[in-house]
Amino acid sequence: MAPHRARIRQSFRADVAWRTRLLVTHGIKACLASTHPAAGWSGAAFEVDRPPHYEVRLGGRGLMLMPSPFWTGRPLVAEHPEGPYVLLYPALTPLPLTSPGPVGSPLDALLGRTRAAVLQLLVERRTTSELARDLDISLPSVSEHTRTLRAAGLITTERDGKAVLHSVTGLGVDLLHSGA
């Protein structure tokens with residue numbers, strides 16, 4: 001799995017970023033209901049209305065969300081006797097089982113393959129140098145792509161000492177989620 005670690009992390013982080021924004025703007029019910037078409041919030045319980053039907057009453061124990069780029073089924077709930085429940089559900093961007101082929105995605109067509117790759121990598125905060133290394137492109141090229149993405153409101157950039165850190169915005173996450 002080592003060669004795919006960055007893609008696995010990217011899938012996980014994209015889901016967390018999108019779901020966090022959904023939680024803030026629409027609340028916990030919408031956030032949990034979005035984990036699967038059969039999932040929902042009823043009264044004080046999280047439930048999955050598909051055989052076998054189940055519901056979880058938290059009773060103050062909490063619920064830890066765990067997106068999985070590998071799981072494609074309905075949400076699964078694990079109970080830990082001393083901790084919160086854990087809800088495992090399919091990540092919004094499941095890990096492709098093969099590398100992308102020569103046919104580009106709609107996002108590639110919209111932004112260009114390299115710029116789309118920059119946006120996808122910025123689900124996890126990165127420096128300009130990290131982007132250049134990960135994409136095997138020059139620093140000036142990274143700067144040009146980040147400048148364009150920042151002007152479009154898809155990423156933010158901040159300085160931390162000498163480092164320049166870039167990260168995706170809520171709008172950028174929505175664009176990635178939409179499959180543009």
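Guide: Two strands pair if DSSP finds at least two bridges between them. Helices (H or I, at least four residues) and strands (E, at least two) are DSSP runs, numbered from the N terminus.

Visitor: What kind of model is this, and how are its residues numbered?

Guide: The model is predicted, so local features need pLDDT of at least 70 and side-chain atom pairs count only at pLDDT 80 or more, while totals for chains, interfaces and linings use all residues. Residues are numbered from 1 along each chain as its sequence is written, and side-chain values use heavy atoms, with hydrogens and water left out.

Visitor: In E6, which residue is the bridge partner of Ala78?

Guide: Strands of a sheet pair through backbone hydrogen bonds, either parallel or antiparallel. Here, the partner of Ala78 in E6 is Val86. Strand E5 and strand E6 (residues 85–90) run antiparallel and are joined by three bridges.

Visitor: What is the strand order of the open sheet with mixed pairing?

Guide: This three-stranded sheet has the order E4-E6-E5. Its edge strands, each pairing on one side only, are E4 (63–68) and E5 (76–78). The twist from one strand to the next averages 25° (angles run from 0 to 180 degrees between N-to-C directions, and axes are lines fitted to C-alpha atoms, for helices over the stretch in contact). H1 packs on this sheet and touches E4 and E6, its direction making about 135° with that of E4; contact means heavy atoms within 4.5 Å.

Visitor: How do H1 and H7 pack, and at what angle?

Guide: Two packed helices are described by the angle between their axes and the distance between the axes. For H1 (residues 5–26) and H7 (residues 170–178), the angle is about 115° and the axes are 10 Å apart. Ala14, Ala17, Trp18 and Arg21 of H1 meet Gly170, Leu171, Val173, Asp174 and His177 of H7. Five of these contact residues are nonpolar, two polar and two charged (Ala, Val, Leu, Ile, Met, Phe, Trp, Tyr, Cys and Pro count as nonpolar, Asp, Glu, Lys and Arg as charged, and the others, Gly among them, as polar).

Visitor: Which strands form the open sheet with antiparallel pairing?

Guide: That sheet has three strands in the order E1-E2-E3, with E1 (39–42) and E3 (54–57) at its edges. Four bridges link E1 to E2 (residues 45–48), where Ala45 is the bridge partner of Ser42.

Visitor: In the hairpin of E8 and E9, which residue takes a positive phi?

Guide: The residue is Gly161, with a phi near 70°, and the hairpin has two residues between its strands. E8 (residues 155–160) and E9 (residues 163–168) pair in the antiparallel sense over six bridges, and Asp160 stands opposite Ala163 in E9.

Visitor: Over which ring does the charged end of Arg61 sit?

Guide: The charged end of Arg61 sits over the ring of Tyr85, 4.4 Å from its centre (the criterion is NZ of Lys or CZ of Arg within 6 Å of the ring centre and within 35 degrees of the ring normal).
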